[in-house]
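Please find below a short note, in numbered points, on the structure shown here.

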Amino acid sequence: MPRLIWREPILTTTITSAPAATAPAGDAPAPPRTRVLTLGDIAGRESGGLVVLLVAVGALTLASNEFLTGGNLSNLARQVAIFGIIAVGQLLVILTAGIDLSVGSVLGLSGAVTAQLLVAGMAAPVAILVGLAIGGALGVANGLLVTRFKLPPFIATLGMLGIARGVVLVITDAKTVQGNGLPDAFQAIANGTILGIPNLLIIAVAVTVAVWFMLTRTVFGRYIYAVGSNPESARLAGVPVAMVTVAVYAISGLLAGLGGVLLTSRLGAGIPTAGTGFELNAIAACVIGGASLFGAKGSALGAAAGALIMGVLNNGGNLLAINAFYLQIAIGVLILVAVGFDQMNTRNAQRGS
């Protein structure tokens, strides 16, 4: 039984394909090559997104006096938190070279069902667990469609996107679920604060740190990167590829369900169209944060940073009264800039090695 919980740090060495040339007798050894330390060497693949984030924050600080106020930063944290949780789940799927297009619909279904159960008088903890279970179950279904039925991830999750959205529209009759109001204790989950820090931000940070720990300090995290790098090689090395693939889709669905519960708590109602378009924004956040759509490259911190960048841009656009259509164009350009910057760092590192 392989250990899946903890792995010790692994020391790595660089292997060269050709032996070093032997210097002629009497000649002085050639001095080692020097290379200028770049931001990519320090911050890794997240450096592109970090540059974009710093530029955006600096520009908005100069352009708006309200950007750095406590009230605006608190609103920004609440707006980014749910989105960041979904992006971190999406990252796990992307690391296996897959994609999950159903997270937005899963969010809407989990949130609406939770609201319906609360309106019907069910206890809040039970309703929340049901909402989370729906997200996890749909994630498992996505994983089984990919591993057992060999459907391409794009097709499997696209079908689940339609199924989940259709189900939520049917059970709610396309109407907002609110009744006489959701319990105050439930709404306090997303709208409350601890020591002045929004609960949503605390939950999002906890989820990000947990996923970061899993990816960097557990054998299961190493399996995820191995599957995304080369699934056949991983299988021959003893990695349970199917189990890992199903698990990452399950975690993605579970986090989408968590996002749905939190969004319902924040709004005080279950909205059947909630989460529309979240799947594409989550993918964009992962790419801006340094993840590769070809798998095996990316980090939880990078995905969270990408979500923060998009939140900052949307927040700044609202403060400056910029047309939302222009913001969509700007986000698309930033995706291209971040990917191009990352590719440039990769080429520089290859030349220097």
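1. Arg 235 and Glu 232 both belong to helix H10 (residues 231–236), where they are three residues apart, about one turn of the helix. Helices here are DSSP runs of H or I with at least four residues, strands are E runs of at least two, and both are numbered from the N terminus. The side chains of Arg 235 and Glu 232 meet in a salt bridge, 2.6 Å from N to O; the term requires a side-chain nitrogen of Lys or Arg within 4 Å of a carboxyl oxygen of Asp or Glu. Arg 235 is partly exposed at 47% relative accessibility, and Glu 232 is partly exposed at 41%. (Buried means under 20% relative accessible area, exposed over 50%, and partly exposed in between, with a 1.4 Å probe and protein chains only.)

2. On the basis of the coordinates: this is a predicted model, in which local features need pLDDT of at least 70 and side-chain atom pairs count only at pLDDT 80 or more, whereas totals for chains, interfaces and linings use all residues. Residues are numbered from 1 along each chain as its sequence is written, and side-chain values use heavy atoms, with hydrogens and water left out.

3. The structure holds two salt bridges. Besides the pair in H10, Asp 173 forms a salt bridge with Lys 175, with 3.9 Å between the closest N and O atoms. Asp 173 counts as exposed, at 53% relative accessibility, and Lys 175 is exposed with a relative accessible area of 53%. Ala 174 lies in the loop between helix H6 (153–172) and helix H7 (184–191). The phi of Ala 174 is near 60°, a positive value in a residue other than glycine.

4. How far apart are the end C-alpha atoms of H3? They are 35 Å apart, which agrees with the 38 Å that its 26 residues should span at 1.5 Å a residue; the expected span is 1.5 Å times one less than the number of residues. H3 has a kink of about 30° centred on Ala 81, the bend being the angle between axes fitted to the seven residues ending at a residue and the seven starting there. H3 is mostly covered, with 20 of its 26 residues buried.

5. H3 is followed by Ala 97, whose phi is positive, near 65°. Ala 97 is found in the loop between helix H3 (70–95) and helix H4 (103–119), and it counts as partly exposed at 40% relative accessibility.

6. The count of aromatic pairs comes to one. Phe 83 and Phe 278 form this pair, edge-to-face, with 6.4 Å centre to centre and 70° between the planes. (Rings of Phe, Tyr and Trp, the last by its six-membered ring, pair if their centres lie within 6.5 Å; planes under 30 degrees apart count as stacked, over 60 as edge-to-face and the rest as tilted.) The pair links distant parts of the chain, with Phe 83 in helix H3 and Phe 278 in helix H12 (residues 278–288), 195 residues apart. Phe 83 counts as buried at 12% relative accessibility, whereas Phe 278 is partly exposed at 22%.

7. A nonpolar surface patch of about 910 Å² includes Leu 195, Trp 212 and Leu 301 among its residues. (Patches are made of residues with over 30% relative accessible area and no salt bridge; like charges are joined within 9 Å, and nonpolar side chains, namely Val, Leu, Ile, Met, Phe, Trp and Tyr, within 5 Å. Accessible areas come from the Shrake-Rupley method with a 1.4 Å probe, and for residues only the protein chains shown count as cover.) Helix H8 (residues 199–217) gives the most to the patch, with six residues. Leu 195 lies in the loop between strand S1 (193–194) and strand S2 (197–198), and is exposed with a relative accessible area of 84%.
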